[in-house]
Amino acid sequence: MLEAKSHEKLKVLLKKIPPHWHHNLTLGRLVGRSLRRRDKTLIQLDLFSEDSWWPGLLIPLCLESTEAVLVLSDIQRKQLLKNEIPKINKIGCHLEIWEEKTPPPGKQLWLMNQYTLIDAYKNKLLTSKQIIIPNAEELSKILDEVLSIKINQKYWNEIINKNQSNKKEILTYYDQLSRRIFSQSSGKDCIVKMDGSEI
């Protein structure tokens, strides 16, 4: 059983890297159970655990990473590749990482950031995947950032400069778009939601 194997490997690892977060064994069992059952699991980590939760997440993934996707920030990705994978390699656990835009051909862990997550979702590449997002509490903020489009004067000037022959049409469109946006806004620096087809 994946949970029991994860527990044993974690005990070996945690003896070699004290001090450690005291919930790693529990986290390892929960992640292992979720991977084995292929169910949806939301686990809220201790705010004060900093980065000491990595072993509890990675050991089960070493044993079963098929169809798993790990979504990390750039800082977390560096931490994983530079510090965490070498730690687990020392006890004989090897985690193969795949960072391409298409799903891995084998049992590699598909590693992505928030941008590649959105692309994979749009291209329907996540239908059979188990998605793991360590900082899921930030997901709403992350998605807002990824899906937002910022339009400023410099942007419009560049378009006009590159398309002088269509300057009149661009300015007409700019005027129409500005009126539509400002008619929906409630004040300065507000966020306006628009349908993707309008954009």
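**Sheet, cores and helix packing in the predicted model**

Strand 1 (68-71) and strand 3 (residues 109-112) run parallel and are joined by three bridges. Strands (E, at least two residues) and helices (H or I, at least four) are DSSP runs numbered from the N terminus, and two strands count as paired if DSSP finds at least two bridges between them. The model is predicted, with local features requiring pLDDT of at least 70 and side-chain atom pairs pLDDT 80 or more, whereas totals for chains, interfaces and linings use all residues. Residues are numbered from 1 along each chain as its sequence is written, and side-chain values use heavy atoms, with hydrogens and water left out.

The open sheet comprises four strands in the order 2-3-1-4, with parallel pairing. Strand 2 (97-98) and strand 4 (130-132) form the edges, each pairing on one side only. Two bridges link strand 2 to strand 3 in the parallel sense, and isoleucine 97 has leucine 109 as its bridge partner in strand 3. Strand 1 is also joined to strand 4, by three parallel bridges, with isoleucine 132 as the bridge partner of leucine 70. In strand 3, methionine 112 stands opposite valine 71.

In a regular strand the side chains alternate between the two faces of the sheet. Strand 1 is covered on both faces: Ala68 and Leu70 on one side, and Val69 and Val71 on the other, are all buried (under 20% relative accessible area, 1.4 Å probe, protein chains only). Helix 5 (residues 114-122) lies across strand 1, strand 3 and strand 4, at about 115° to strand 3; angles run from 0 to 180 degrees between N-to-C directions of axes fitted to C-alpha atoms, for helices over the stretch in contact.

A nonpolar core is a set of buried Ala, Val, Leu, Ile, Met, Phe, Trp, Tyr and Cys residues joined through side-chain atoms within 4.5 Å. The largest one has 28 residues, of which Leu61, Leu70, Leu80 and Ile88 touch the most other members. Helix 3 (54-63) supplies the largest share of this core, six residues. A second, separate core of eight residues includes Val69, Val71, Met112 and Leu117.

Helix 2 (24-37) packs against helix 3 at about 35°, with the axes 8 Å apart. Contact (heavy atoms within 4.5 Å) involves, among others, Leu27, Gly28 and Val31 of helix 2 and Leu57, Pro60 and Leu61 of helix 3. The residues of this contact divide into seven nonpolar, four polar and no charged, with Pro counted as nonpolar and Gly as polar.

Notes: Buried means under 20% relative accessible area, exposed over 50%, partly exposed in between (1.4 Å probe, protein chains only).
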